[in-house]
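Visitor: I would like to learn how to read this model feature by feature. Please take me through it.

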Amino acid sequence: QVQLVESGGGLVQAGGSLRLSCAVSGCIFSIKTMGWYRQAPGKQRELVAATTSGGTPNYADSVKGRFTISRDYAKNTVYLQMNSLKSEDTAVYYCNAEVSDCYFLTNTYWGQGTQVTVSS
């Protein structure tokens with residue numbers, strides 16, 4: 001059973017920083033794309049940042065220059081460093097990973113979500 005466990009959310013003032021982590025565990029053969037999505041109240045879930053298996057990042061326009069996604073292949077972990085946070089970044093952040101398990105079945109998995117609240 002593949003699981004994604006997130007950590008690092010919280011309350012921060014505007015202009016501050018937070019770092020989110022997401023660790024993938026279970027019977028894993030390989031991990032392809034890993035990324036972060038967010039969902040604010042009353043809005044649809046949206047992509048924040050993603051990285052391919054080769055490490056190529058992709059960012060939403062709204063976070064370019066402020067957020068950085070990185071990946072630790074040895075730990076099967078993806079990070080999201082969030083700087084210069086704004087009130088509009090307030091949302092529940094979800095980790096996402098495309099994982100091939102030990103049976104070579106590929107599925108997309110989601111974390112449980114972590115709340116990020118930016119006070120102005």
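Visitor: Which cysteine does C22 form a disulfide with, and how far apart are their sulfur atoms?

Guide: A disulfide is a covalent bond between the sulfur atoms of two cysteines. Here a pair is called a disulfide when the cysteine sulfur atoms lie within 2.5 Å. C22 pairs with C95, with the sulfur atoms 2.0 Å apart. This pair links distant parts of the chain: C22 sits in strand 3 (residues 18-25) and C95 in strand 9, 73 residues apart. The link of C22 and C95 is left-handed, with -80 degrees about the S-S bond.

Visitor: What kind of model is this, and how are residues numbered?

Guide: This is a predicted model: local features need pLDDT of at least 70, side-chain atom pairs count only at pLDDT 80 or more, and totals for chains, interfaces and linings use all residues. Residues are numbered from 1 along each chain as its sequence is written, and side-chain values use heavy atoms, with hydrogens and water left out.

Visitor: Are C22 and C95 buried or exposed?

Guide: Start with the cut-offs. Buried means under 20% relative accessible area, exposed means over 50%, and partly exposed is in between (1.4 Å probe, protein chains only). C22 is buried, because its relative accessibility is 0%. C95 is buried too, with a relative accessible area of 0%.

Visitor: How many disulfides does the structure hold?

Guide: The structure holds 2. The other one joins C27 to C102, S to S 1.7 Å. C27 lies in the loop between strand 3 and strand 4 (28-39), and C102 in the loop between strand 9 and strand 10 (106-110), 75 residues apart. The torsion about the S-S bond of C27 and C102 is about -115 degrees, so this disulfide is left-handed. C27 is partly exposed at 35% relative accessibility. C102 is partly exposed at 32%.

Visitor: What pattern do the disulfides follow?

Guide: Count the bonded cysteines along the chain. The pattern is 1-3, 2-4.

Visitor: How many helices and strands does the protein have?

Guide: Helices (H or I, at least four residues) and strands (E, at least two) are DSSP runs, numbered from the N terminus. This protein has 0 helices and 11 strands. Its radius of gyration is 14 Å, close to the 14 Å that the globule rule gives for 120 residues, so the protein is as compact as a globular protein of that length. The radius is taken over C-alpha atoms, and the rule is 2.2 Å times the number of residues to the power 0.38. Along its principal axes, the C-alpha trace spans about 50 × 25 × 25 Å. Of the 120 residues, 41% count as buried.

Visitor: Which residues touch the most other members of the largest nonpolar core?

Guide: In soluble globular proteins, nonpolar side chains tend to be buried together. A nonpolar core is a set of buried Ala, Val, Leu, Ile, Met, Phe, Trp, Tyr and Cys residues joined through side-chain atoms within 4.5 Å. The largest one has 30 residues, and W36, L80, M82 and Y93 touch the most other members. Strand 9 gives the most to this core, with 5 residues.

Visitor: Where is R66, and what does its side chain reach?

Guide: R66 is found in the loop between strand 6 (57-59) and strand 7. R66 is buried, with a relative accessible area of 10%. A polar contact is a pair of N or O atoms within 3.5 Å; within protein, one must be able to donate a hydrogen and the other to accept it, and residues adjacent in sequence count only if both atoms are side-chain atoms. The side chain of R66 reaches the backbone oxygen of S84 at 2.9 Å.

Visitor: What is the phi of S84?

Guide: S84 has a positive phi of about 50 degrees, although it is not a glycine. S84 lies in the loop between strand 8 and strand 9 (91-101). S84 is partly exposed, with a relative accessible area of 42%. N76 also has a positive phi of about 50 degrees and is not a glycine. N76 is placed in the loop between strand 7 (67-72) and strand 8 (77-82).
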